[in-house]
Amino acid sequence: MGGTERVGASERVGASERVGIDELLERVRAGYDRVGPQEAAAAATDGALLVDIRYAALRDRDGLIPGALVVERNELEWRLDPLGSHRAAEAVSHDLPVVVICNEGYASSLAVASLRQLGLHRTTDLIGGFQAWRAAGLPVTPGAAGG
């Protein structure tokens, strides 16, 4: 049948590849184990760094996870890179376990991919994000709007 063969989207590779966001999320998430709210809380108890990347309006509205480091998404790589000049004091090692938390667990998955490219190989994210944490009845402190 000629010399051409159709290649499925999941089989294509290369810089010019076009991938929809749903497929990109699936690919990214296939590279690590995500955690649920109880697992994230247990990880924090065991020394993992919880990192809240939600924007200020959501934190103000819904509240904060006690002890979580708040880093806006656009600063995340600079603040968590242990070699970076703008790193947060908590960003002490590439071996640090990190759980990234967004509002519903989508943006955090993409953030994990970026942090893993920096060598933060123990980074994961919270399935369902902050909303799942709160729904599980885990601790939340009020935000500026009274959350």
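This is a predicted model: local features need pLDDT of at least 70, side-chain atom pairs count only at pLDDT 80 or more; totals for chains, interfaces and linings use all residues.
Four strands make up an open sheet with parallel pairing, and their order is 2-1-3-4. At the edges sit strand 2 (69–70) and strand 4 (123–125), each of which pairs on one side only. Strands in a sheet are held as pairs through backbone hydrogen bonds, in either a parallel or an antiparallel way. Four bridges link strand 1 (residues 49–52) with strand 3 (residues 98–101), in the parallel sense. Here Leu-50 stands opposite Val-99 of strand 3, while Val-51 has Val-100 of strand 3 as its bridge partner.

On to the pairing of strand 3 with strand 4, which is again parallel and runs over three bridges. Val-99 has Thr-124 of strand 4 as its bridge partner. To get from strand 3 to strand 4, the chain passes through helix 5, and this β-α-β crossover is right-handed.

What covers the two faces of strand 3, and are its side chains buried or exposed? In a regular strand, side chains alternate between the two faces of the sheet. In strand 3, Val-98 and Val-100 lie on one side, Val-99 and Ile-101 lie on the other, and all are buried, so both faces are covered.

Helix 5 (residues 107–117) packs on the sheet, where it touches strand 3 and strand 4. The direction of helix 5 makes about 175° with that of strand 4. Ser-108 belongs to this helix. Is Ser-108 buried or exposed? Ser-108 counts as buried because its relative accessible area is 0%, and the cut-off for buried is under 20%. Not counting residues up to four places away in sequence, Ser-108 touches Ile-53, Val-100, Ile-101, Cys-102, Asp-125 and Leu-126. With one of these, Asp-125, the side chain of Ser-108 also makes a polar contact of 2.7 Å, side chain to side chain.

Note on methods: Residues are numbered from 1 along each chain as its sequence is written. Side-chain values use heavy atoms; hydrogens and water are left out. Two strands pair if DSSP finds at least two bridges between them. Contact means heavy atoms within 4.5 Å. Axes are lines fitted to C-alpha atoms, for helices over the stretch in contact, and angles run from 0 to 180 degrees between N-to-C directions. Buried means under 20% relative accessible area, exposed over 50%, partly exposed in between (1.4 Å probe, protein chains only). A crossover is right-handed if, with the strands pointing away from the viewer, the path from the first strand over the helix to the second runs clockwise. A polar contact is a pair of N or O atoms within 3.5 Å; within protein, one must be able to donate a hydrogen and the other to accept it, and residues adjacent in sequence count only if both atoms are side-chain atoms.
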